[in-house]
Every structure is written in C-alpha cells, then in structure tokens.
Amino acid sequence: MDTLALALIFLFQFNGQSSCQEGTRPNIVMVMSDAFDGRLTFDPGSKVVQLPYINYLRELGSTFLDAYTNSPICCPSRAAMWSGQFVHLSQSWNNFKCLDGNVTTWMDLLEANGYFTKMMGKLDYTSGSHSVSNRVEAWTRDVQFLLRQEGRPVTQLVGNMSTVRIMRKDWENTDKAARWLRQRAASSHKPFALYLGLNLPHPYKTESLGPTAGGSTFLTSPYWLEKVSSDLISVPKWLPVADMHPVDYYSTYTKNCSGAFTEAEVKRIRAFYYAMCAEADAMLGQVISALRETGLLNNTVVIFTADHGELAMEHRQFYKMSMFEGSSHVPLLIMGPEMMSGLQVKQLVSLVDIYPTVLDIAGIPAVLNLSGHSLLPLLSKSTAFSKKERPHWIFSEYHGCNVNASTYMLRSGRWKYIAYADGVSPQLFDLRLDKEELHNVVLRFPHVQAQLDKLLCSIVDYPKVSKAVHIYNKKAFGDWRNSLGRNYSLVIANLRWHVDWQKDALANERAIDKWLYGSS
C-alpha cells in the first residue's frame, strides 16, 4: 500500500466521522422542492393537507421547526445551499446573477471522495437563467415608477378524480430518479448521492398573458384537491394598505395583488396551493418507495427541503421575495441510519447548514469559509459528535425583483428583525405574540432593535452590500440596454410589465434615464 493511500485512510478514520457505527458511509438522497411552505410539515399546518411521505419522514426522522431560506427566491437560495455561503459572499444578487459554473458544491466533494453521484431535475444555482423580464425588474427596482410585473394570481382546475400526474416534467424527473435508484444505485459498490429538484409547488406560467408571462396560476386536479381539508384553510388577515411598510406595499403592487380579492378567491388560491404541495409529496414518496423496494433505505440519509416558501395570499401577496414566514420558512426533514426518530428540532437553522451537514454525514473533513454549521450533532444517536454551540440566530437576505430595497433578516429567539439600507425604516416582529407578523414593534422596543442591528452588522456590512447591489444593477442594466441598440424601446415595452408600461412609455423611459444617468 503506497504512502498516499495510507494518508487517505488516516484522514478518513480520524478527521471524518460516519453516522453509521459499522463505519460504512451512508447513501445520501435529497429531494428539494420549489416554494414549499415549511410550516406545513408540523402542526398545526400539517393538518390542512395530507402529506403522507413528509409525515413518514417526520415519524422516522427529524423535523426542523425553524428552518429558513438564506434568500427567498429560487436561484440565490439554491446558490447558498450548494455553496454553503451567504449570498452576499457569492454575490448571488438575483435569479440571473448567481454562482459560476465551476463552483465547488458539496456534491462535487462527495464525488471526489468516492461517492457515486447523480443530479436530476431543477438545479438553478448558476448565473444566466430565468426570463429577461425577471432580471430587468431586479435591475430597475430603484427607478421611480410603480408597475405591475406579474399576472394577478388565479386558479385553474384540470382533469378529474383520475388525474394524478399534472406537473409532467417533475414526474418525468421523479421516474428517472426512481429508475436510477433501482438500476444504477442498487448495483453500485460505492455509496451514492442523489439530488432530485422539483418545480412544484411553484405556481405555473399564466399562458393567457402571453409569452412574457410569469407564474401566477395555481393549478391542480380534483384528485389532489381532495387531499386538502377545506374547513381548515385560514383566510389571512391583511393590514390596511395605508399601514403597510413601503417595501411590502411595493411588493404587493408589483405582484398585482393591490386590487380587491374576495374571501372565496383567497381560500381557493390557498386550497390549490396546498393541493400542489400534496402532488410534490407524492413525488417524494416515489423516491422513498424505490429506496425501500431495493433494500437501500436502511443505509440512506433522506433529506427533504425547499428553496423558499409561498405566501399564498398572506400579507396580500403571493410568490416569495419576502421575509414574512410564508415566504422565508422552509421545510427541512432528515431521516437516516443512527439518527433519532420522531425528533422535533427547535434550534434555528438555514439552508447553508446543509453543506457542512452532508460532509459530516459522509465523513469528509470540513471545508473552510462556510457560512453554516453541521446539523448532525442535533440528529445523531452517537455521542462521538461534539455538541458544538451553534449560533442563536439565522440570517437571510434578498436583493432581487419585487422589492425596492435590499432586505436583511435576522431571526433570533422570539424576534424577527428586518433591516434595509438607504434610509428605509426597519421592521421588528415578536413571533411569540404575533405569529401573523402584523405588528411592527420596532418603535416600542428600541433596545431590542439596537441589539439586533449590532448583531446583524457583525454578520454583514449591509449598507456596503446594498451599495454594491446598486452599482451592479446599473452596470448590468446599462450593458443589457446597450446590447439592444435601436431595439431597446421595443423590447423593454413588451416585457411582462407591458400593460402598465405602455400607458406612458415615454415617461417610463425618462424615469430610467434619470436613475441611470441622473438626467430627466
């Protein structure tokens, strides 16, 4: 045996710890959905819709009661999860600007350390994707105009009680994942790692609004609606428009939610969303079934999570892009060998914790400069893991579209603190007394605000980050504008804000010029 081989064995035995007592490294399977409200994975939220496979993970594994996204939008959130770093460190500012393709993910490290790996479905963590409308809206959020950027949220019922497979692309990827487990993973002599990314329960594109439309349709069938307990669907309270925080009002307006909605409309949107969650749960079930049928489940760590949540008409909004609980609270359930069962973990955690956790599970030495901390000490039956003290806070930030200021959220204990630069007033919520986040108490508790702001500033220099985002937005928009030449006016007028834009196209172009060049 050569010196290098001896060194590698030594490194594994003494610097790595496996969650299996026998020393065999477990397989790792992650299913990551899109826009899944984490509050549905534990009571009382879990009672509103039947999620049998999430409940299976909950009974045989651990459920994190306070798990958060590090940025409540698709690409930056996934960038944080795959890189293990807060998004300001990777400059993952919006759905267009995220990680470089050559970044080292935890899946890369698993492969380099002997795992047989496969990634399927929605990945969405590298730069260059999503619609032109989405990126232009993010770049121009400081422009002094107010335009509706989304279609009004609507529902669509399709099929009948026999219609099960609605999100066909997700089902195709789920079938591929199950087939890979049965045919390839089961015959592998290596431990394996599988990632499956789902698009559900993200709303569907509203086709009637044309080619530039966003996703504002909640679509399902009677089969999935039957899984929802309609009598348990709550109708969220809304603040009067005049009392809304200016950033929240901007979000409501640009998401096309400032008009009137009946109580029946709101309940229907929420019911359809929950039904879409039930369909996503069934896809998780296909993966668990494949593991069970092949005899792989007993030595496999299964992780279920999401990139962010879905407001589903809470705070007069749908979609995400908000630090309110519906948008920022994500599911996180972990089940595996030598892990505790039926555990409800109360510690605050976030998606950046997944990177060090996966390395810990695989017995791979920790990587430097990660923003997160391994969750394995909270889950493992083994006493070999040191119960290191975790931070008592989680941090999330958002720099993309549908807000008009970069947003920084610190959750610590009972408090949620939301800060902004550029003179925008902060928000403070006491989640113990105000679960609906309707009462901003920042003026009543100035000492709490000061304490939390000091902690936030020790994590991120948020005025400096906001300034960097302003500079990036202007440069990125200017480069895009110059690339269009004479077609600029035509293209920008026909993005998904076209209905409002074309009411006064010249005034809107002038507003952009004033922002970009300081001229009118």
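Good morning. I begin with Asp-37, which counts as buried at 6% relative accessibility. The structure is a predicted model, and the cut-off for calling a residue buried is a relative accessible area under 20%. Asp-37 forms a salt bridge with Arg-39, and their closest N and O atoms lie 2.8 Å apart.

Are the partners buried or exposed? Asp-500 is buried, with a relative accessible area of 8%. Arg-148 is partly exposed, because its relative accessible area is 27% and that class covers the range between 20% and 50%.

Asp-500 also forms a salt bridge with Lys-503, where the closest N and O atoms are 3.3 Å apart. Lys-503 is exposed: its relative accessible area is 60%, and the cut-off for that class is over 50%.

Elsewhere, salt bridges with shared partners join four residues into one network, namely Asp-34, Arg-78, Lys-122 and Asp-307.

In general, the strands of a sheet pair through backbone hydrogen bonds, in either a parallel or an antiparallel manner. Here, four strands form an open sheet with antiparallel pairing, and their order is β13-β14-β15-β16. Which strands stand at the edges? They are β13 (393-398) and β16 (427-430); each has a single partner strand, so one side of each is left without a neighbour in the sheet. On average, neighbouring strands of this sheet are turned by 15° against each other, with direction ignored.

Within the sheet, β14 (residues 407-412) and β15 (residues 415-419) pair in the antiparallel sense over five bridges. As a point to locate on the model, Leu-410 has Tyr-417 of β15 as its bridge partner.

Finally, what packs on this sheet? Helix α14, residues 446-459, does so, touching β13, β14, β15 and β16. The direction of α14 makes about 65° with that of β15.

Thank you for your attention.

How values were computed: Residues are numbered from 1 along each chain as its sequence is written. This is a predicted model: local features need pLDDT of at least 70, side-chain atom pairs count only at pLDDT 80 or more; totals for chains, interfaces and linings use all residues. Side-chain values use heavy atoms; hydrogens and water are left out. Two strands pair if DSSP finds at least two bridges between them. Helices (H or I, at least four residues) and strands (E, at least two) are DSSP runs, numbered from the N terminus. Axes are lines fitted to C-alpha atoms, for helices over the stretch in contact, and angles run from 0 to 180 degrees between N-to-C directions. Contact means heavy atoms within 4.5 Å. A salt bridge is a side-chain nitrogen of Lys or Arg within 4 Å of a carboxyl oxygen of Asp or Glu. Buried means under 20% relative accessible area, exposed over 50%, partly exposed in between (1.4 Å probe, protein chains only).
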